[in-house]
Amino acid sequence: MLNKFRLRKKQNTSSTLRDKIEEIKKMPVPEHIAIIMDGNGRWAKKRALPRIAGHHEGMKVVRKTTMLANDIGIKALTLYAFSTENWKRPKNEVEYIMKLPEEFLGTFLPELVKNNVQVKMMGYKDQLPVHTLRAIEKAMEETKNNTGLVLNFALNYGSRAEILDAVKQVLNDCKNGILEETELNEQVFSSYLMSSTFSDPDLLIRTSGEIRLSNFMLWQLAYSEFWFTDVLWPDFNEEHLLEAVEVFQKRQRRYGGL
Ligand code: IPE
Ligand code: IPE
Ligand code: MG
């Protein structure tokens, strides 16, 4: 009896979710969503668990979020997984986070492949441990011909460094006659950034109640819609993502016009 009730409850939940998804699909969805996945440590602390338990839980949320984003027709999902400033954290925490790509991709890569998801990465590769980079490069290679959602991990990513490097590259190209100063415009400059193959995010989500960018996509987010929630990343679920998209669909983007 109890099992039957549980089953019915489960079916009801998923059918409500289905209805919501259908509703959302009637209107244009954001092409590119970027998420600052924050609050793993606090989630763990609330449960008297080590911070790394929060990161592990957060990894499962990445899977669910990716699948739903793919399902509703989002073209790109950029997830801020590790910033250039996060190296300041205790060694054991950093080491644990650097193992997560292997664990995540080791478990979910077949599912990503099956669902036509393409894996990409944006960030400074040189400082990453070999095992971390290897896992990501394997996933990139295996999914390179997929045409569904692009799942872009921002790993060892920092926006100021990215912009500075782009400026240096531009100067270099001008010096070497590859680029004329007069040719440089916003579109050309964007092509020097790590996000060059992506359109700017339409929607930025940050969890955990912090209202800041923490060095994330400063150039690219110039005209994005922002959605903040107090929910900690490991508690973020399908309902929250759909809510953010729903709010986005009600916003009027003006880009400085009327
Ligand atoms: C986000 O969660 C994950 C990373 C920055 C790697 P945090 O680890 O920042 O969690 P809080 O903000 O301390 O709760
Ligand atoms: C931003 O979160 C980086 C990631 C989510 C990967 P942080 O937790 O590092 O940001 P601050 O320190 O609160 O600004
Ligand atoms: Mg944080």
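A residue counts as near a molecule if one of its heavy atoms lies within 4 Å of it. Keep that in mind for the ligands.

First, the ground rules. This is a predicted model, where local features need pLDDT of at least 70, side-chain atom pairs count only at pLDDT 80 or more, and totals for chains, interfaces and linings use all residues. Residues are numbered from 1 along each chain as its sequence is written, chains are lettered from A and ligands numbered from 1 in the order in which they are written, and side-chain values use heavy atoms, with hydrogens and water left out.

Ligand 2, then. Around ligand 2 we find Ile36, Met37, Asp38, Tyr80, Ala81, Phe82, Asn86, Arg89, Arg206, Arg212 and Ser214. By class, that shell has five nonpolar, two polar and four charged residues. Here Ala, Val, Leu, Ile, Met, Phe, Trp, Tyr, Cys and Pro count as nonpolar, Asp, Glu, Lys and Arg as charged, and the others, Gly among them, as polar. Strand S2, residues 76-83, gives the most to the shell, with three residues. Strands (E, at least two residues) and helices (H or I, at least four) are DSSP runs, numbered from the N terminus.

Which side chains put an N or O atom by an oxygen atom of ligand 2? Arg212 does, at 2.8 Å. Arg206 does too, at 3.3 Å. A polar side-chain atom of Arg89 also lies 3.2 Å from a ligand 2 oxygen. Taken alone, ligand 2 exposes 390 Å², and the protein buries 78% of that. Those areas use the Shrake-Rupley method with a 1.4 Å probe.

Now ligand 1. It has 13 residues around it, and the closest are Asp38, Gly41, Arg42, Arg51 and Arg89. Three are nonpolar, five polar and five charged. Helix H2 (40-46), H3 and helix H4 (91-114) each supply at least two residues of the shell. H2 gives the most, with three.

On to its contacts. An N or O atom in the Asp38 side chain is 2.8 Å from an oxygen atom of ligand 1. For Arg51, a polar side-chain atom lies 2.9 Å from a ligand 1 oxygen. Gly39 uses a backbone N or O atom, at 3.3 Å from an oxygen of ligand 1. Taken alone, ligand 1 exposes 380 Å², of which the protein buries 86%.

Conventions. A polar contact is a pair of N or O atoms within 3.5 Å; within protein, one must be able to donate a hydrogen and the other to accept it, and residues adjacent in sequence count only if both atoms are side-chain atoms.
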